[in-house]
Amino acid sequence: MTWLDTLTEKALARELPTRAEALKVLQGSDDELMDVVAAAFKVRLRYFGRRVKLNYLVNIKSGLCPEDCFYCSQRLGSAADVLKYTWLKAGEVISNAEAGVKAGATRVCLVASGRGPTDADVTRVSSAIAQFKQQHPGVEVCACLGLLSDGQAERLHQAGTTAYNHNLNTAETNYADICTTHSYQDRAETVRKAKHAGLSPCSGLIAGMGETDDELADVVFALRELDPDSVPVNFLIPFEGTPLGGRWELTPQRCLRILALVRFTCPDAEVRLAGGREIHLRSLQPLALHIVNSIFLGDYLTSEGQAGARDLEMIADAGFVPETVEGTAGRTQPESRRDLVRVRRRGPGTGLPANA
């Protein structure tokens, strides 16, 4: 057996890779990249077949965040020219979420900027979620509102919220290098609160922020220990006007290896291809579908994504099938990539419809 055969068998048995195996996934040569993808596909196929879950993001409160996360265009002191608006009204939240459902999404993700919600904010969001679930009982709703206080996760669950997202983002040893206004442990504790309240835990990472291979392995292993049901993998969108603006460290091949490591480490978790996939994976996006089983449709929080229709074509062309709600159908220099980092000017908070 090759080392990849051994790693695949361990993943199929939900055994944790060794650190040496994890680093080998990240550090191997491009000559064996397709072997790594094929091995990860065996694991994906076992747990998820050829299904792809479609998610749709609604930015329900944008910009003016008091936190200083270095990667974020909404951070304190950000000079990025992104949309800024306060809480959307319930009707606006529902109509925007329904746009995603019409495009084929089986999960809508409601995201708000800020350190964390007040109790009044939880009441506001819970009301919108309850109304949406009455109309679309089969659609999952994931909330992402920041750090949670005691009792807030329970209230969201009672309103019909399916899941709660709060990413670890990077290794604990690296966290102070990307944020100083809250800690890694703050984030991990919020995921635990959500899980304890009965919400499906969703937590992932952002790659391309200057982390080492060991730090990548650390955060992926930490996610396995946290045991979320879904693991979104983001690739840094280097907004100008943020501390990490113009930082281009990722290649398509590197992105595939990172996704494979997550799949081998969290074999039966929903691994979601998230922000930055279009600008970093580029023409290799279809290959990523052999590793992940979930993607976002359309736009992200403050940047434009690939059109949803193109995503559906890509899924079909690669031989995969979207899940449905029951009853419904080389390192790149910044100068040459700036045109791909497009600030979102459509969807909620604007006069233009979302590009679903």
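1. In this predicted model, the buried residues of helix α1 are covered by elements that include α2 (19–27), α3 (33–48) and α9. Helix α1 itself spans residues 3–12 and is mostly covered, with seven of its 10 residues counting as buried; these are W3, L4, L7, T8, K10, A11 and L12. An α-helix has 3.6 residues a turn, so residues three or four places apart point the same way. Just after α1, R14 takes a positive phi of about 60°.

2. A polar atom of the T251 side chain lies 3.0 Å from the backbone nitrogen of R254.

3. For the chain as a whole, 12 helices and 10 strands are assigned, and 60% of the 356 residues count as buried. A compact globule of 356 residues would have a radius of gyration near 21 Å, and the protein chain, at 19 Å, agrees with this. Along its principal axes, the C-alpha trace spans about 55 × 45 × 40 Å.

4. The chain carries 40 positive and 44 negative side chains, with the centres of the two sets lying 3 Å apart.

Note on methods
Residues are numbered from 1 along each chain as its sequence is written. This is a predicted model: local features need pLDDT of at least 70, side-chain atom pairs count only at pLDDT 80 or more; totals for chains, interfaces and linings use all residues. Side-chain values use heavy atoms; hydrogens and water are left out. A polar contact is a pair of N or O atoms within 3.5 Å; within protein, one must be able to donate a hydrogen and the other to accept it, and residues adjacent in sequence count only if both atoms are side-chain atoms. Buried means under 20% relative accessible area, exposed over 50%, partly exposed in between (1.4 Å probe, protein chains only). Helices (H or I, at least four residues) and strands (E, at least two) are DSSP runs, numbered from the N terminus. Contact means heavy atoms within 4.5 Å. The radius of gyration is taken over C-alpha atoms; the globule rule is 2.2 Å times the number of residues to the power 0.38. Lys and Arg count as positive and Asp and Glu as negative; His and the chain ends are not counted. The place of a charge is taken as NZ of Lys, CZ of Arg, CG of Asp or CD of Glu.
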